[in-house]
Amino acid sequence: FEILHSVEVLRRLCQPHVVRAPALPLVGLEVIDDAMPIVFTVRTAGQAGTWPDDADGIADMFRVLELGLRGGVEVLDVESSWDPTKTDALLSLAEECYTSNILGSYHEVPNAVTMDR
């Protein structure tokens, strides 16, 4: 509930400052001129964030990301280096049940990223 409430507070605080780029409509939604799309992101410590990297932390992270979907975020940030099985389940759920757009990202800190990667 706290996350969903925070999303609504963020929308309300930012609404006076919103400028929507007309080239970025939201898939499956009508464009609303006075709304700001929220990018819902959870970063683990290994991705320069603060979320725990252990097995329990990762399991909790996927539950929090699902809460973001249920909260109606316009954009869900999905890290490409996460567990493929859990990521696929999250993406399938997003596609089947929600209208959120998916933002694919890749963070590998502090390791250097090779061209092959």
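Predicted model: local features only at pLDDT ≥ 70, side-chain atom pairs only at ≥ 80, totals over all residues.
Helices here are DSSP runs of H or I with at least four residues, numbered from the N terminus. Just past the end of H2, Gly72 adopts a positive phi of about 85 degrees.

Buried positions in H2 are Gly57, Ile58, Met61, Phe62, Val64, Leu65, Gly68 and Leu69. These residues fall on the same side of H2, because the arc they cover around the axis is only 160 degrees. On the face turned away from that buried side sit the exposed residues Ala55, Asp56, Arg63 and Arg70.

The largest nonpolar core comes next, with 16 residues, of which Phe40, Met61, Phe62, Leu65, Leu76 and Leu90 touch the most other members. Two or more residues each are supplied by helix H2 (55-70), strand E2 (75-79) and helix H3 (84-97). H2 provides the largest share, 6 residues. For Leu76, contacts beyond its neighbours within four places in sequence are made with Phe40, Leu65, Leu69, Leu90, Asn101, Ile102 and Leu103.

A last stop is Thr87, a residue of helix H3. Its relative accessibility is 10%, under the 20% cut-off, and Thr87 therefore counts as buried. Setting aside residues up to four places away in sequence, Thr87 touches Phe62, Val78, Glu79 and Trp82.

Methods. Residues numbered from 1 in each chain as written. Heavy atoms only, no water. Core = buried A, V, L, I, M, F, W, Y, C linked by side-chain atoms within 4.5 Å. Buried < 20%, exposed > 50% of the residue type's maximum accessible area, 1.4 Å probe, protein only. Contact = heavy atoms within 4.5 Å. Arc of directions from axis to C-beta.
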